[in-house]
Amino acid sequence: MTDEEDALRTTGFLTEEQARELFADMNEVILAGEEMRRLRSEMITLFAGLGWTQERIARLTGMSQPAVSKQVAKARPDGPASPPDITLDQHDTPWLEGRLWGLAEEISASLHDSAHCTRLADALGRGRKRFTPQNVDTLRRLVEKDLMERRAELPGSHRSAYDAISRGLDVPAKAAATDAAGTGSAPVRRALARRIQRDRFDGDN
């Protein structure tokens with residue numbers, strides 16, 4: 001044992017590994033915040049490009065109008081943009097991931113946060129987890145487990161939505177890319193799909 005290791009053990013202070021994990025947790029929170037700010041900026045640019053006034057955007061985002069104006073000027077949208085296709089039935093991967101995310105949140109809410117998918121859906125929403133293929137696969141398994149084990153407590157629309165999402169995600173990458181629709185980055189499309197999916201369930205109630 002080195003003098004440094006002995007000092008750490010006897011003083012009870014953090015080891016290097018503990019400190020690394022501590023900073024890793026902090027870095028995840030910082031990264032999540034930065035990614036959310038980028039997503040908000042993209043959404044502001046999208047709505048400004050569609051002709052929404054800066055006053056309206058400021059009211060909805062809780063930002064000051066000068067802050068919104070600065071963001072819009074920085075992005076410099078070139079005239080009115082065509083509205084993105086936000087119909088629910090789209091087949092590009094980010095859109096399907098957003099639908100899966102929205103479905104998981106609806107299941108979690110229906111089961112009063114006792115669903116298997118609750119923790120991961122929440123972590124994705126807070127930016128603590130990212131939409132990697134592994135995390136998406138895990139979310140699919142957890143959602144399917146909830147649908148199987150708690151089907152008596154969930155509406156049939158949840159199962160139908162999952163079946164459609166799952167079929168889309170199983171499409172080979174080339175076909176899905178060819179079938180992609182709409183505009184915006186992957187995070188923007190996930191956020192839009194999540195909202196549209198949740199609104200669809202609300203409309204079914």
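Me: How do the axes of helix α5 and helix α6 cross?
Reply: In this predicted model, the axes of α5 (residues 93-110) and α6 (residues 118-125) come within 9 Å and cross at roughly 130°. Axes here are lines fitted to C-alpha atoms, for helices over the stretch in contact, with angles from 0 to 180 degrees between N-to-C directions. Residues are numbered from 1 along each chain as its sequence is written, and side-chain values use heavy atoms, leaving out hydrogens and water. Since this is a predicted model, local features need pLDDT of at least 70 and side-chain atom pairs pLDDT 80 or more, while totals for chains, interfaces and linings use all residues.

Me: Why are α5 and α6 called oblique to each other?
Reply: Check roughly 130° against the cut-offs: under 35 degrees is roughly parallel, over 145 roughly antiparallel, 65 to 115 roughly perpendicular, and the rest oblique. Therefore α5 and α6 count as oblique. Their crossing is left-handed, meaning the near helix is turned anticlockwise from the far one by less than a right angle (clockwise would be right-handed).

Me: What makes the contact between α5 and α6?
Reply: Trp101, Ala104, Glu105 and Ser108 of α5 and Thr118, Ala121, Leu124 and Gly125 of α6, where contact means heavy atoms within 4.5 Å. By class, that's four nonpolar, three polar and one charged. Ala, Val, Leu, Ile, Met, Phe, Trp, Tyr, Cys and Pro count as nonpolar, Asp, Glu, Lys and Arg as charged, and the others, Gly among them, as polar.

Me: Why are α3 and α4 roughly perpendicular to each other?
Reply: The axes of α3 (residues 54-61) and α4 (residues 65-75) come within 9 Å and cross at roughly 115°. Therefore the pair goes down as roughly perpendicular. This crossing is right-handed. Gln54, Glu55, Ile57, Ala58 and Thr61 in α3 meet Gln65, Val68, Ser69 and Val72 in α4. Those residues split into four nonpolar, four polar and one charged.

Me: Why is Arg159 called partly exposed?
Reply: Its relative accessible area is 30%. Buried means under 20%, exposed over 50%, and partly exposed in between (1.4 Å probe, protein chains only), so Arg159 lands in the in-between class. Arg159 sits in helix α8 and touches Glu144, Leu147 and Met148, not counting residues up to four places away in sequence. Arg159 and Glu144 are 15 residues apart in sequence, yet 8.5 Å apart in space, C-alpha to C-alpha.

Me: What makes up the largest nonpolar core?
Reply: It has 23 residues, and those with the most contacts inside it are Leu100, Leu103, Ile107, Cys117, Leu139 and Val143. Such a core is a set of buried Ala, Val, Leu, Ile, Met, Phe, Trp, Tyr and Cys residues joined through side-chain atoms within 4.5 Å. Two or more residues each come from α5, α6, α7 (133-149) and α8 (156-169), and α5 gives the largest share, six.

Me: Which residues does Leu139 touch?
Reply: Leaving out residues up to four places away in sequence, Leu139 touches Leu100, Trp101, Ala104, Cys117, Leu120, Ala121 and Leu124.

Me: Which residues of α6 are buried?
Reply: Thr118, Leu120, Ala121, Ala123 and Leu124. What covers these residues includes α5 and α7.

Me: How many helices and strands are there in the protein chain?
Reply: There are 10 helices and zero strands, counted as DSSP runs numbered from the N terminus (helices: H or I, at least four residues; strands: E, at least two). Of the chain's 205 residues, 33% count as buried.
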